[in-house]
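User: I would like to learn how to read the features of a structure step by step. Please start with the terms.

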Amino acid sequence: MTLRLHFFAVGRDITGKSHLDFAMPEGATAQDLIEMLKAVYPRFRELKSLQVAINEEYAQPTQVLRESDEIAIIPPVCGG
C-alpha cells in the first residue's frame, strides 16, 4: 500500500520534503513504519523519539495503518 506521510521540523529537514508517498506492506503497523523510516533515512535513528499520528491522534506502536489514513511523523518537541 502507499501511504501519504507528512513531516514537520527536523523530519522535514531529514527527508527534504513536507510530505511524501511511502510504500509499506498491507498490515504494517505504526512501529513498522518508524523502523522503515529509520532504514531509509538513517538520520531518524539519531532522534530521541519519533511519534506517528494517524488521523490527528497519536498512534500506538501496534496500530495497523491503512492507505486512506492521514499520517504525520512527529519528531521530538521542546518548548519553553
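Analyst: A residue is buried under 20% relative accessible area, exposed over 50%, and partly exposed in between (1.4 Å probe, protein chains only). The model here is predicted: local features need pLDDT of at least 70, side-chain atom pairs count only at pLDDT 80 or more, and totals for chains, interfaces and linings use all residues. Residues are numbered from 1 along each chain as its sequence is written, and side-chain values use heavy atoms, without hydrogens and water.

User: Which side chains of strand β1 point to one face and are buried?

Analyst: In a regular strand, side chains alternate between the two faces of the sheet. Strands (E, at least two residues) and helices (H or I, at least four) are DSSP runs, numbered from the N terminus. In β1, residues 2–7, the buried face carries Leu 3, Leu 5 and Phe 7.

User: In what order do the strands of the open sheet stand?

Analyst: Strands of a sheet pair through backbone hydrogen bonds, parallel or antiparallel. Two strands count as paired if DSSP finds at least two bridges between them. The five strands of this open sheet have the order β2-β1-β5-β3-β4, with mixed pairing. β2 and β4 (57–58) stand at the edges with a single partner strand each, so one side of each has no neighbour in the sheet.

Inside the sheet, β1 runs antiparallel to β2 (residues 19–23), joined by five bridges; Thr 2 stands opposite Ala 23 there. Three bridges join β1 to β5 (residues 71–74) in parallel, and Phe 7 has Ile 73 of β5 as its bridge partner. β5 also pairs with β3 (residues 51–54), antiparallel, over four bridges; Ile 54 is partnered by Ile 71 of β5.

User: Which strands does helix α2 touch?

Analyst: Contact means heavy atoms within 4.5 Å. α2 (residues 30–40) packs on the sheet and touches β1, β2, β3 and β5. Its direction makes about 105° with that of β2, where axes are lines fitted to C-alpha atoms, for helices over the stretch in contact, and angles run from 0 to 180 degrees between N-to-C directions.

User: Which residues of α2 are buried?

Analyst: Ala 30, Leu 33, Ile 34 and Leu 37. They lie on the same side of α2 because they cover an arc of only 100° around the axis, taken from the directions from the helix axis to the C-beta atoms. Their cover includes β1, β2, β3 and β5.

User: How many salt bridges does the structure hold?

Analyst: Side chains of opposite charge can pair when their charged atoms come close. A salt bridge has a side-chain nitrogen of Lys or Arg within 4 Å of a carboxyl oxygen of Asp or Glu. The structure holds one, in which Arg 4 and Asp 21 meet at 2.6 Å, N to O. Arg 4 lies in β1 and Asp 21 in β2, so the pair ties together parts 17 residues apart in sequence. Asp 21 is also the bridge partner of Arg 4 in β2. Arg 4 is partly exposed at 35% relative accessible area, and Asp 21 is partly exposed at 47%.
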